[in-house]
Each structure stands twice: as structure tokens, then as C-alpha cells.
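This report describes one protein chain for a reader new to structures. Please look at the sequence and the model before reading on.

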Amino acid sequence: MGKGSRGGVLMKIALVHDFIKEFGYSHTSDFIISHDPDDFYKKGDFAKFYQNLLNQIKKADICVFEVTLHSLGIGYCVNLALQMGKPVILLYYQNSNPVFFKGLKSDKLQIYKYTRDSIKEVLTD
């Protein structure tokens, strides 16, 4: 799949997910890497998903989102986390430009560019 494709983004999400786990942190959800998006949209219980999402954000000490692919859903989750007072880290791959997030101002928000080679360093800073 090409640059910016869903498949490529899912690989980047898995990379970020694995490094966070490698550093000894736990995820409040593995949903993003354990579910097929097409199946979710065909068969998803959206009310249950939304309640789980709210609970997972509430439980989180820090919320980390991979924002290489533009997504209103992720934007909504970022906004929810910030409204709940959670520290939020946004990661985007080197050739992406998270234009909407760059306009968001919050002392709880940090935005970082990363590559496959720099992700460990970015996550440990």
C-alpha cells in the first residue's frame, strides 16, 4: 500500500504500540491493533464501543495517539482526553502534517514527529 494508506498507518500504530509496551507501560486498550476496521464498521456495536472508549480514556494516565492519517475520530478522542485533563502525546510519521492538531493549544498536549529509527528516542524524551 502507498504512503498514507491505512495499511501503512496500521503498521506505524503497531510500531508505536509495541515500543510503549517494551518500555513497561500498559495499554488501556488494544482495540486499534486487534480489530479489523472493515469488520468493525460492518458489525460494530457502536454504543458499547463509545462507552468503552470513554472508560479507557478515563483510566489512562497518559493518552498517546498516532495521528499520521487524518481522522475525525482520533481528533474527537484527543479532544475528549484533553477535556478530561489527560496529558496527550500525538505522534506523526515524518512525511505527514497534522495541520489540525498544530492549531490546538494546550499545556497538556505534546506533538512529535518520528521515524522508524527515531521512535524509541521520541518516546523516551
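## A pair of residues in the sheet

Leu 91 has Tyr 112 of strand β3 opposite to it. The model is predicted, so local features need pLDDT of at least 70 and side-chain atom pairs count only at pLDDT 80 or more, while totals for chains, interfaces and linings use all residues. Residues are numbered from 1 along each chain as its sequence is written, and side-chain values use heavy atoms, with hydrogens and water left out.

## Overall layout

The chain holds seven helices and three strands. Helices (H or I, at least four residues) and strands (E, at least two) are DSSP runs, numbered from the N terminus. Along the sequence the pattern is α-α-α-α-β-α-β-α-β-α.

Of the 125 residues in the chain, 34% are buried. Buried means under 20% relative accessible area, exposed over 50%, and partly exposed in between, with a 1.4 Å probe and protein chains only.

## How the strands pair

Strand β1 (residues 63–66) pairs with β2 in the parallel sense, over four bridges. Two strands count as paired if DSSP finds at least two bridges between them. Across this pairing, Val 64 has Ile 89 of β2 as its bridge partner, and Phe 65 stands opposite Leu 90 in β2. On its other listed pairing, β2 joins strand β3 (residues 109–114), again in the parallel sense, over six bridges.

β1, α5 and β2 form a right-handed β-α-β unit. Right-handed here means that, with the strands pointing away from the viewer, the path from the first strand over the helix to the second runs clockwise.

Why is strand β2 described as largely enclosed by the rest of the structure? Six of the six residues of β2 (residues 88–93) are buried, so the strand is largely enclosed. In a regular strand the side chains alternate between the two faces of the sheet. In β2, Val 88, Leu 90 and Tyr 92 point one way, Ile 89, Leu 91 and Tyr 93 point the other way, and all are buried.

Leu 90 lies in strand β2 and has a relative accessible area of 0%, so it is buried. Leu 90 and Phe 65 are 25 residues apart along the chain, and their C-alpha atoms are separated by 5.0 Å.

## The largest nonpolar core

A nonpolar core is a set of buried Ala, Val, Leu, Ile, Met, Phe, Trp, Tyr and Cys residues joined through side-chain atoms within 4.5 Å. The largest one has 17 residues, of which Ile 57, Cys 63, Phe 65, Val 78, Val 88 and Leu 90 touch the most other members. At least two residues of this core come from each of α4 (46–59), β1, α5 and β2. α5 gives the most, with five residues.

## The second largest pocket

The second largest pocket contains about 200 Å³ of space. On a 1 Å grid over the protein atoms alone, a cavity is a set of points where a 1.4 Å probe fits but cannot get out, and a pocket is an open set with protein on both sides within 12 Å along at least five of seven lines; lining residues have an atom within 4 Å of a point. Grid points are joined across faces, edges and corners, and a volume is the space filled by probe spheres set on the points.

The lining of this pocket includes Val 67, His 70, Asn 79, Phe 100 and Leu 104. α5 (72–83) and α6 (99–102) each supply at least two lining residues.
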